[in-house]
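Student: I'd like to learn how to read side-chain features in a model like this one. Could we go through them together?
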Amino acid sequence: MATTSAPVYPANRPIPFDLFVSKKHRALPRGVLGFADSSGNIVFKVNRQDSKSSFSHAKASLLDSAGNPLISLYPHNDGSWQGFKGDGGDKDLIFKVQRVLTKFTRTELEVFLVSENQGQGELTCDLKVIGCHFQRSCTIYKGDSIVAQTSLMHKLRKICVSRSKFRLTMFPSLEDPSLVVALVVIFLFSGPKKFQVLDKIPISI
């Protein structure tokens, strides 16, 4: 069955660009996590399929603006994740993510790309995601280089900053934007469970 085409965001982009992340985009049903450009056009969206039996069988699908599946994300009970190409039906593994630290003020993830680890006996970490889940802030590193960062939408003369919408800035790199977005999604879903009750509280500055 033919799929609908969607705008393509090249990996070798020459300048940084922003996507705006929220569950309150007008173009999406309320509660659906969306990534929009500066014009408000949806670029990526996340379809979360929760399992009633076990969180380890829950699946999140990263879709493009036309609804085509790009990456399927599967969590495991030990805090690790796997990302498969498309809807995951072909089990074409793209990456693995291992959670190495989860605290209220800091979450750290290590990312292992299958394409970079083929033929190696021991997996080596290709990317790292480090940040604070409560503040919706994280940085994705490749070695010493920053691939992307998230940050809250601070405004002048505003004391409280909402955490329902934040900015994702992608810097010039060769990384696939859909991979970067998938890692941000995993970071959001990897926050400490006991602090998720605080997710709707704004931050005072």
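Tutor: Gladly! Let's begin with contacts: two residues are in contact when heavy atoms lie within 4.5 Å. Keep in mind that this model is predicted.

Student: Which residues does leucine 183 contact, leaving aside its neighbours within four places in sequence?

Tutor: Leucine 183 is in contact with Phe95, Val97, Val111, Leu127, Val129 and Ile140. Leu183 also belongs to the largest nonpolar core, which has 39 residues. Leu19, Phe35, Leu73, Phe95, Leu168, Val181 and Leu183 are the members that touch the most others there. Helix α2, spanning residues 177–189, gives the most to this core: 11 residues.

Student: How many aromatic pairs does the whole structure hold?

Tutor: In general, a pair of aromatic rings is described by the distance of the centres and the angle of the planes. Here the search finds 2 pairs. One of them joins tyrosine 74 and phenylalanine 84: the centres are 5.6 Å apart and the planes stand at 85°, so the pair is edge-to-face. Because tyrosine 74 lies in strand β5 and phenylalanine 84 in strand β6, the pair ties together parts 10 residues apart in sequence.

Student: Are tyrosine 74 and phenylalanine 84 buried or exposed?

Tutor: Both are buried. The ring of phenylalanine 84 also has the charged end of lysine 91 over it, 5.2 Å from its centre. Likewise, the charged end of arginine 48 sits over the ring of phenylalanine 189, at 4.0 Å from the centre.

Student: And how many disulfides are there?

Tutor: A disulfide is a covalent bond between the sulfur atoms of two cysteines. The search of the whole structure finds 0. Cysteine 132 has 10% relative accessibility, so it counts as buried, while cysteine 125, at 32%, counts as partly exposed.

Conventions: Residues are numbered from 1 along each chain as its sequence is written. This is a predicted model: local features need pLDDT of at least 70, side-chain atom pairs count only at pLDDT 80 or more; totals for chains, interfaces and linings use all residues. Side-chain values use heavy atoms; hydrogens and water are left out. A disulfide is a pair of cysteine sulfur atoms within 2.5 Å. Buried means under 20% relative accessible area, exposed over 50%, partly exposed in between (1.4 Å probe, protein chains only). A nonpolar core is a set of buried Ala, Val, Leu, Ile, Met, Phe, Trp, Tyr and Cys residues joined through side-chain atoms within 4.5 Å. Helices (H or I, at least four residues) and strands (E, at least two) are DSSP runs, numbered from the N terminus. Rings of Phe, Tyr and Trp (its six-membered ring) pair if their centres lie within 6.5 Å; planes under 30 degrees apart count as stacked, over 60 as edge-to-face and the rest as tilted. A charge sits over a ring if NZ of Lys or CZ of Arg is within 6 Å of the ring centre and within 35 degrees of the ring normal.
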